[in-house]
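Hi everyone, thanks for coming. I'd like to walk you through one structure today, so please have a look at the screen.

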Amino acid sequence: MQTLLITGGAGFIGSALVRLLVGERQVRIINLDKLTYAGNVDSLEAVSGQSRHVFVHGDICDRKLADSLLSEFQPQAIMNLAAESHVDRSIDAPSAFVETNVVGTCTLLDAALAYYKSLPEPARGQFRFLQVSTDEVYGSLGATGCFTEDSPLRPNSPYAASKAAADHFVRAYFQTYRLPTLTTHCSNNYGPFQFPEKLVPLMILNAIDGQPLPVYGKGEQVRDWLHVEDHCRGLMAALEHGRPGEVYDLGGRSERTNLQIVQAVCAIVDELRPDLPHRPCADLIRFVEDRPGHDARYAIDPTKAKRELGWEPRYHLEQGLRETVAWYLDHPGWVERVTSGVYQRERLGLAH
């Protein structure tokens, strides 16, 4: 049975990946997560008690822990999803992003390299290190065109800069040490279990509660939206079929302005909750001060992933958004538990 070490496996994308792998593949998952504000063991309820899922509470910056997990469980691959991921938080406190996203990734790379060197053949030839990154490392696009794997890295936020730095280290470990690495860049993810500081769940929950729906600037920023399950299937395809040293961009081919996304969420909430006294929810939209350094447009060309990995998204955005809104409506207990800590849906990222 294949064993995978997945870091950040209690986060939004990580937990979706764990649930998908345990549900569909005969694999054993070693799930390492620090359980920061965005990590939630409730998101792993579907795999709790499964013998093929081993949860470890720990930090990727802990080299001794990484070494011990690699030695004990002998994984065939490491999938690094552990990251500070919210742009607004990176504006307020960038050093935390450097610590986890850069130092943590380097620590994990060092541990992976030592482990890789210790492996006999053919295990060494089968080992992979998959770095899960973001399209934000590419910076901002104009009105036309798409990012490709050959686009230069031009990050504009502290979050994007920390992920770009990690990507450079992953490339360097392949070029310098021949560690068999892979890197993926994804567009904006959405779906169930997403922490409510992100756009889609924040708008859903505020619309349900009749709270203002804050839209940065005029809401004209364009993003390419990818359902988290489609993203996870892309990660699995990259791990199984990707060529070491390569980068694969995973996009949904679903460009929308932020305002269009908020309006779509409002329309779905109106339909699914006709009892809300404050309908139509679009009346709750409020335009607020824009985020500093806000990128105008992201769009990914996933042609390489389709050609080399056989991957393409299954979800249409309208279908995915509707299912996502329905999930949040059906899971108020999860929402209450995940928002009972410090974050209470307030505005982040002003960094005055």
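**A helix and its aromatic neighbours**

Let's start with helix α4, which covers residues 94-118: it has 25 residues and reaches 36 Å from its first C-alpha to its last, close to the 36 Å expected at 1.5 Å a residue. Keep in mind that this is a predicted model. The helix also has a bend, of about 30°, at G104.

Now to the rings. How many aromatic pairs does the structure hold? There are 12. Take F97 and Y159: their ring centres are 6.3 Å apart and their planes sit at 75°, and since planes over 60 degrees apart count as edge-to-face, that is what we call this pair. Here F97 belongs to helix α4 and Y159 to helix α6 (residues 158-177), so the pair links distant parts of the chain, 62 residues apart. Are these two buried or exposed? F97 is buried, with a relative accessible area of 2%, and Y159 counts as buried too, at 7%.

A second pair is F147 with Y298, with centres 6.4 Å apart and planes at 45°, so this one is tilted. F147 is in the loop between β5 and α6, while Y298 is in the loop between β12 and α10, 151 residues away. Both F147 and Y298 are buried.

Finally, look for F193, W327, Y328 and W334, which form one aromatic cluster.

Terms used:
Residues numbered from 1 in each chain as written. Predicted model: local features only at pLDDT ≥ 70, side-chain atom pairs only at ≥ 80, totals over all residues. Heavy atoms only, no water. Helix = DSSP H or I, 4+ residues; strand = E, 2+ residues; numbered from the N terminus. Expected span 1.5 Å × (residues − 1). Bend = angle between axes of the 7 residues up to and from the residue. Phe/Tyr/Trp six-rings, centres within 6.5 Å; stacked < 30°, edge-to-face > 60°. Buried < 20%, exposed > 50% of the residue type's maximum accessible area, 1.4 Å probe, protein only.
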